[in-house]
Amino acid sequence: MTENPDTSGTTAEKTAGEGRVAVVSGGSRGLGRVLVERLLADGWHVATFSRSASDFVTEAMAAHPGSFHWEAVDLGEPETARTFVRNVHRVFGRLDLLVNNAGIVREELLFTMPPKAIESLITANLVAPIMLTQACARVMTRQGGGAIVNISSINAVRGYRGVSVYAAAKAGLDGFTRSLARELGGHGIRVNSVVPGYFDSAMTAEMPAASRARIERRTPLGRLAAADDVADAVLYLSSPRAEFVTGQSMVIDGGLTC
Ligand SMILES: NC(=O)c1ccc[n+]([C@@H]2O[C@H](COP(=O)([O-])OP(=O)(O)OC[C@H]3O[C@@H](n4cnc5c(N)ncnc54)[C@H](OP(=O)(O)O)[C@@H]3O)[C@@H](O)[C@H]2O)c1
């Protein structure tokens, strides 16, 4: 394992983030916010987007004027992701890590889901991350390396009623991860996905107490994840410790799907 930043083969593979640039989609809250905070604390420059700015975004812009960049971008318009990447490159001059974190869920049986809702779920959770990845990977290829981490879901590996379209998009992201790892390995770019079980965030805030208790009961480790549990896996896959890991999907669910 290469721990010396000067001998590491790829740019995202350095011991600390000092000077390196991360793009995290959906960094205004939830897991994305935790990733932004931890990357900034590790010395990375961090660029993120969401549809609207949260208090966290406003505070981070004031606290880290030279190392934090935020823009309003809607994954419903995937081509705007390309403009975002161009802007990030103009602001920070390089790009070492992409975390495809932003996602939306809509629980509804397929029978009643309007076609437009199906299309927008697939666009936001699959098409837009693919287009964001394409734009970032081009920059990383020119630089000689980088790392990409896609945030999937256990819905991609287990069936649950009411989330079939979301599950299709997340399973697509895992397939994308494996094939892209083969395309980009020769360019020094590693591509992995993290497959979280349920964790506390706005996405799970509305979960009925009975559902939460059932998940806790069925989870060998007896609780929902914290966003930090998932962030630990993302940061590992982004680090030199994972320099020989690519094309993998790492399940972080306390054993729920084992
Ligand atoms: N929470 C869970 O239990 C769980 C479990 C498995 C997998 N996941 C996955 O983990 C990732 C993070 O989830 P989370 O729970 O942290 O989500 P969250 O708290 O709902 O945050 C989602 C982030 O993405 C942004 N976002 C959502 N839709 C967007 C759009 N159309 N365009 C641009 N930005 C958008 C949100 O900001 P705006 O709303 O302002 O746009 C926010 O910053 C997602 O990919 C999710 O599918 C979550």
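**Helices and sheet, in conversation**

Trainee: Is the crossing of helices H4 and H5 left-handed or right-handed?

Mentor: Happy to start there: this is a predicted model, in which local features need pLDDT of at least 70, side-chain atom pairs count only at pLDDT 80 or more, and totals for chains, interfaces and linings use all residues. Residues are numbered from 1 along each chain as its sequence is written, and side-chain values use heavy atoms, without hydrogens and water. A crossing is left-handed if the near helix is turned anticlockwise from the far one by less than a right angle, and right-handed if clockwise. By that rule, the crossing of H4 and H5 is right-handed.

Trainee: How are H4 and H5 oriented to each other?

Mentor: Helices (H or I, at least four residues) and strands (E, at least two) are DSSP runs numbered from the N terminus, and axes are lines fitted to C-alpha atoms, for helices over the stretch in contact, with angles from 0 to 180 degrees between N-to-C directions. H4 and H5 (residues 164–184) pack at about 15°, with their axes 9 Å apart. Angles under 35 degrees count as roughly parallel, over 145 as roughly antiparallel, 65 to 115 as roughly perpendicular and the rest as oblique. H4 and H5 are therefore roughly parallel.

Trainee: Which residues does threonine 177 touch, beyond its neighbours within four places in sequence?

Mentor: Threonine 177 lies in H5, and glycine 247, 70 residues away in sequence, is 5.8 Å from it, C-alpha to C-alpha. Contact means heavy atoms within 4.5 Å. With those sequence neighbours left aside, threonine 177 is in contact with Asn150, Val191, Asn192, Ser193, Gly247 and Gln248.

Trainee: In what order do the seven strands stand in the open sheet?

Mentor: Two strands pair if DSSP finds at least two bridges between them. Strands E3 (68–72) and E7 (249–252) each have a single partner, so one side of each is left without a neighbour in the sheet. Neighbouring strands are turned by 15° against each other on average, direction ignored. The pairing is parallel, and the order is E3-E2-E1-E4-E5-E6-E7.

Trainee: What angle does the direction of H4 make with that of E4?

Mentor: E4 (residues 97–100) runs parallel to E5 (residues 146–151), joined to it by four bridges; valine 99 has valine 149 as its bridge partner in E5. H4 (residues 115–143) packs on the sheet, touching E1, E2, E4, E5 and E6. Its direction makes with that of E4 an angle of about 175°.

Trainee: Why is valine 88 counted as buried?

Mentor: Valine 88 is found in helix H3 (residues 79–92), where its contacts beyond four places in sequence are Val21, Val23, Ala47, His69 and Gly93. Buried means under 20% relative accessible area, exposed over 50% and partly exposed in between, with a 1.4 Å probe and protein chains only. Valine 88 counts as buried because its relative accessibility is 0%.

Trainee: How are H1 and H7 oriented to each other?

Mentor: Residues of H1 (residues 30–41) that meet H7 include Leu31, Val34 and Leu35, and these are also among the buried residues of H1. The axes of H1 and H7 (residues 227–237) lie 9 Å apart, at an angle of about 55°. H1 and H7 are therefore oblique.
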